[in-house]
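Have the sequence and the coordinates at hand.

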Amino acid sequence: MIFKAVRDGQPYPEHGYTLKQWAEIPPRPVSLNQLITIKLEMALDRVLAEDSTFYGDLFPHVVQWKGELYLEDGLHRALRAALQQRHQIHVRVLVLS
């Protein structure tokens, strides 16, 4: 199994963080099998694109809520890492209480 679970939608409250606020969170390594995705579907062209982070953050965004890690943005990067047989990725983790 690549991810801990796959959900359809976020179970945590809206946080309202901007890209600038996300960029202030230092990235840290996280095991893929600890992540819960919040998207059921994704576009294959985004997984295969070489420039998928050209307009966005280099690091996926993860929300920690009630002890779980939810992959909010960067599913294509996480899946690409899994296809490259990597077990960890560096992500920015926003801790919600």
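A contact here means heavy atoms within 4.5 Å. The model is predicted. Among contacts in the protein chain between residues at least 6 apart in sequence, 86% join residues at least 24 apart. The chain has 97 residues, and 37% of them count as buried.

**Fold**

The protein chain holds three helices and six strands. Along the sequence they follow the pattern β-α-β-β-α-β-β-α-β. The six strands form an open sheet with mixed pairing. Its order is β1-β3-β5-β4-β6-β2. The edge strands are β1 (5-6) and β2 (28-31), and each of them pairs on one side only.

Strand β4 (residues 61-65) runs parallel to strand β6 (residues 88-95), and four bridges join the pair. Across this pairing, Val-62 stands opposite Val-93 in β6. Helix α3 (residues 75-83) packs on the sheet. The helix touches β3 (35-37), β5 (68-73) and β6. Its direction makes about 110° with that of β5.

**Cores**

Which residues touch the most other members of the largest nonpolar core? They are Phe-3, Leu-32, Leu-35, Val-62, Leu-71 and Ile-89, out of 14 residues in that core. The elements giving two or more residues to this core are β5, α3 and β6. Helix α3 supplies the largest share, four residues.

Ile-89 deserves a separate look. Leaving aside its neighbours within four places in sequence, Ile-89 is in contact with Arg-28, Pro-29, Val-30, Leu-32, Leu-35, Pro-60, Ala-78 and Ala-81.

Another core lies apart from the largest one. It has 10 residues, among them Tyr-12, Trp-22, Ile-36 and Val-63.

**Largest pocket**

Rolling a probe the size of a water molecule over the atoms shows where empty space is left. In this model, the largest pocket holds about 170 Å³ of space. Its lining consists of Leu-58, Phe-59, Pro-60, Arg-77, Arg-80, Ala-81, Gln-84, Arg-86, Ile-89 and His-90. Helix α3 and strand β6 are the elements that give two or more residues to the lining. The largest share, three residues, comes from α3.

**Positive phi**

Most residues other than glycine have a negative phi. Where do Lys-66 and Gln-85 lie? Lys-66 is in the loop between β4 and β5, and Gln-85 is in the loop between α3 and β6. Neither is a glycine, yet each has a positive phi.

| Residue | Phi | Loop | Relative accessible area |
|---|---|---|---|
| Lys-66 | about 50° | between β4 and β5 | 68% |
| Gln-85 | about 60° | between α3 and β6 | 65% |

Are these two residues buried or exposed? The cut-off for exposed is over 50% relative accessible area. Lys-66 is exposed because its relative accessible area is 68%. Gln-85, at 65%, is exposed too.

Methods. Residues are numbered from 1 along each chain as its sequence is written. This is a predicted model: local features need pLDDT of at least 70, side-chain atom pairs count only at pLDDT 80 or more; totals for chains, interfaces and linings use all residues. Side-chain values use heavy atoms; hydrogens and water are left out. Two strands pair if DSSP finds at least two bridges between them. Axes are lines fitted to C-alpha atoms, for helices over the stretch in contact, and angles run from 0 to 180 degrees between N-to-C directions. A nonpolar core is a set of buried Ala, Val, Leu, Ile, Met, Phe, Trp, Tyr and Cys residues joined through side-chain atoms within 4.5 Å. Buried means under 20% relative accessible area, exposed over 50%, partly exposed in between (1.4 Å probe, protein chains only). On a 1 Å grid over the protein atoms alone, a cavity is a set of points where a 1.4 Å probe fits but cannot get out, and a pocket is an open set with protein on both sides within 12 Å along at least five of seven lines; lining residues have an atom within 4 Å of a point. Grid points are joined across faces, edges and corners, and a volume is the space filled by probe spheres set on the points.
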